[in-house]
Amino acid sequence: MYRAPRGTSDILPKEQAHRRYIEQKVANICQLYGYERIDAPAFEDTQLFTRSVGEDTDIVEKQMYTFQDRSGSQITLRPEGTAPVCRAYLEHGLHNLPQPVKLYYIASIFRYERPQAGRYRQHYQFGYEAIGDADPALDAEVIDMAWQFFESLNLHHLSLQLNSIGCKICRPGYLTALKDYYANYTHDLCSDCKTRLKRNPLRLLDCKKPLCQQIANSAPKSIDYLCQQCDTHFNQLKRYLELLELPFTVNHCLVRGLDYYTRTVFEIQPEAEGAQSTLGGGGRYDDLIEELGGKPTPAIGFAAGIERIILNLKKQNIPVPALPKPQVFIAYVGNEAKDTAIKLTSTLRKNGIGIIEAAGSKSLKAQLRQANTLGVHHTVIIGDEEVKASTVILRDMTTAQQQTIPAAQLPGLLK
Ligand code: AMP
């Protein structure tokens, strides 16, 4: 027997209501804030991700699904959604539009991870990007939109974590301070952090191992090393967030796992589990478009994992509306009745009435049982007598009451 590859899953019909509900909420919030949908390909040139996400990140080092296609091109299944959007922004000259350009996506994401609850090798993300403006008011809007999105889902007990990790001018000074501090703790660090110290010191701060976390808590803080512009930006952002009454916490250990971030970084986490099960995160990436070959173009974005959202909706017992489905079943006895049922079913569907037709030649009892299982409101029953008289029997499935009516009246009645 074949099985779905490890870390992936089939999304069966009974799982779809949650997804459609979330997608609807995504579309609503994006419309409200003026973001338009973009769909990029599921795979890109590998270089797009190595250059943007960063060679020394977990994603590029360990998690990318990379292969050579038949023409010898190096291809990677997208491990995140921002770089493809930036590539599309450049490729299609979107810098010629009024800035910032606001785009959103819902896309499958591929990462070779150790599968566990809330962590898969294929998952879906909803994300959005505002490209082309450095105003901290835009940071506030992007953060507000994420917060209001979760509010619109009725998800509560969330926390908003915020930090600024500076820019290419002030970050080198901070990294030096960080390395100096960690030099005293090299023996206490986990093996991953020993490597991070050499290759990507910022990531030392978000190691989840308890001892490393303890060390990180007393490490120098990036906000104490910001240059004048980054400091002003961060202060203005905090003021806007206060204006919007968003309850943020400045978290000195929040750095995010991708290299392209500058200045603002933020995450929305369930209060109880914290960073272990972050619902979504984002930040500024003011140098990325230039890094990919464009003009200097400041930008900011956010992405959230759909499966994590579903887990939290279920955990918080938040019901989602059921998907609409046919409320009428049609049963028949005999071949003539079957012909009539086929024609009548077609007429009803053309009238916009969803209907499920019995299949095969089951007994009437078995057909009614099936109608019951399907949970329809009404069953239309046709036998020889009804065919002759051009009538049908309409059965109310809740009360089991039946009435005979002219077949021609059925569409109007069911409507
Ligand atoms: P990231 O791009 O790592 O910041 O991820 C953005 C969001 O996607 C996270 O906050 C999670 O909600 C979700 N996410 C990331 N990786 C996974 C994964 N392997 N499986 C399921 N959801 C994920």
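Which strands does helix H12 (residues 335–350) lie across? Helix H12 lies across E12, E13, strand E14 (378–382) and strand E15 (391–396), and runs at about 160 degrees to E13. The model is predicted: local features need pLDDT of at least 70, side-chain atom pairs count only at pLDDT 80 or more, and totals for chains, interfaces and linings use all residues. Residues are numbered from 1 along each chain as its sequence is written, and side-chain values use heavy atoms, with hydrogens and water left out.

Helices (H or I, at least four residues) and strands (E, at least two) are DSSP runs numbered from the N terminus. Strands pair if DSSP finds at least two bridges between them. The open sheet has five strands in the order E13-E12-E14-E15-E16, with mixed pairing. Its edge strands, each pairing on one side only, are E13 (355–357) and E16 (402–406). Strand E12 (residues 328–332) runs parallel to E13, joined by three bridges; Phe-329 stands opposite Ile-356 in E13.

Helix H13 also packs on the sheet. Contact means heavy atoms within 4.5 Å; angles run from 0 to 180 degrees between N-to-C directions of axes fitted to C-alpha atoms, for helices over the stretch in contact.

| Helix | Strands touched or crossed | Angle |
|---|---|---|
| H13 (residues 364–374) | E12, E13, E14, E15 | about 170 degrees with E12 |

A disulfide is a pair of cysteine sulfur atoms within 2.5 Å, and the count by this rule is zero. The sulfur of Cys-190 is 3.7 Å from that of Cys-193, its closest cysteine sulfur, and therefore too far for a bond.
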